[in-house]
Amino acid sequence: MNPFFMRNNSGATALEFALIAAPLFLFTFGIIEISRLVFMQQSIGNALDTAARALYISGNISEEEISDIIVSNTFLAKSNSILVQKNLLISSGGINELNKVKITVNYNFESLMPTFLIGQIPLEFERVVITGN
């Protein structure tokens with residue numbers, strides 16, 4: 001054996017870092033992406049609760065107004081990716097007319113990581129509101 005190779009370990013630290021760096025960065029950015037996803041779920045869920053409360057109090061607001069409420073109360077979401085639908089489920093006639101309205105919000109969460117790792121994650125939220133006129 002050559003004694004030069006036995007005592008020369010100057011590149012060992014760089015080699016160890018190169019082996020550990022890729023999994024470390026992948027793990028770190030994975031934690032950041034999961035945190036963003038959970039934050040987006042909470043943000044859109046709270047915005048949908050605010051829109052459902054506005055619908056309950058006012059009795060009847062349009063789908064565009066519900067969409068505006070959700071977009072204005074959502075932080076860090078792309079407004080053109082939020083799809084809001086308002087459906088009338090049940091309408092009862094008579095003196096005290098009650099309507100059962102379902103609000104559905106669809107959002108495609110886009111990861112900051114490359115598409116081949118995660119891609120888009122579809123998020124769907126629903127609230128059912130009983131309104132009266």
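**View 1. The β1-β2 hairpin.** β1 and β2 make a hairpin with 5 residues between them. Gly-94, in the turn, has a positive phi of about 110°. The model is predicted: local features need pLDDT of at least 70, side-chain atom pairs count only at pLDDT 80 or more, and totals for chains, interfaces and linings use all residues. Residues are numbered from 1 along each chain as its sequence is written, and side-chain values use heavy atoms, with hydrogens and water left out. Strands (E, at least two residues) and helices (H or I, at least four) are DSSP runs, numbered from the N terminus. β1 and β2 run antiparallel and are joined by 10 bridges. The bridge partner of Ser-91 is Asn-99 in β2.

**View 2. The open sheet.** 3 strands form this sheet, in the order β1-β2-β3, with antiparallel pairing. Two strands pair if DSSP finds at least two bridges between them. β1 and β3 are the edge strands, each pairing on one side only. Neighbouring strands are turned by 15° against each other on average, direction ignored. Axes here are lines fitted to C-alpha atoms, for helices over the stretch in contact, and angles run from 0 to 180 degrees between N-to-C directions. In a regular strand, side chains alternate between the two faces of the sheet.

**View 3. The pairing of β2 with β3.** These two strands pair in the antiparallel sense over 13 bridges. Phe-109 has Ile-121 in β3 as its bridge partner. Lys-100 stands opposite Ile-130 in β3.

**View 4. Helix α2 along its length.** α2 covers residues 12-58, 47 residues in total. From first C-alpha to last, α2 reaches 69 Å, close to the 69 Å expected at 1.5 Å a residue. The expected span is 1.5 Å times one less than the number of residues. α2 bends by about 35° at Ala-21, and Pro-23 follows within four residues. The bend is the angle between axes fitted to the seven residues ending at a residue and the seven starting there. Gly-59 follows α2 and has a positive phi, near 95°.

View 5. α3 lies across β1 and β2 and runs at about 130° to β1. Which residues of α2 are buried? Among them are Glu-33, Leu-37, Met-40, Ile-44, Leu-48 and Leu-55. Buried means under 20% relative accessible area, exposed over 50%, and partly exposed in between (1.4 Å probe, protein chains only). An α-helix has 3.6 residues a turn, so residues three or four places apart point the same way. The buried residues of α2 pack against α3 (63-72), β1 (82-92), β2 (98-110) and β3 (120-132).

**View 6. The largest nonpolar core.** This core has 21 residues. A nonpolar core is a set of buried Ala, Val, Leu, Ile, Met, Phe, Trp, Tyr and Cys residues joined through side-chain atoms within 4.5 Å. Ile-66, Ile-70, Val-84, Ile-103, Val-105, Tyr-107 and Leu-123 have the most contacts inside the core. α2, α3, β1, β2 and β3 each give two or more residues. The largest share, 8 residues, comes from α2.

**View 7. Around Tyr-107.** Contact means heavy atoms within 4.5 Å. Leaving aside neighbours within four places in sequence, Tyr-107 is in contact with residues including Met-40, Ile-44, Leu-76, Ile-82, Pro-122 and Leu-123.
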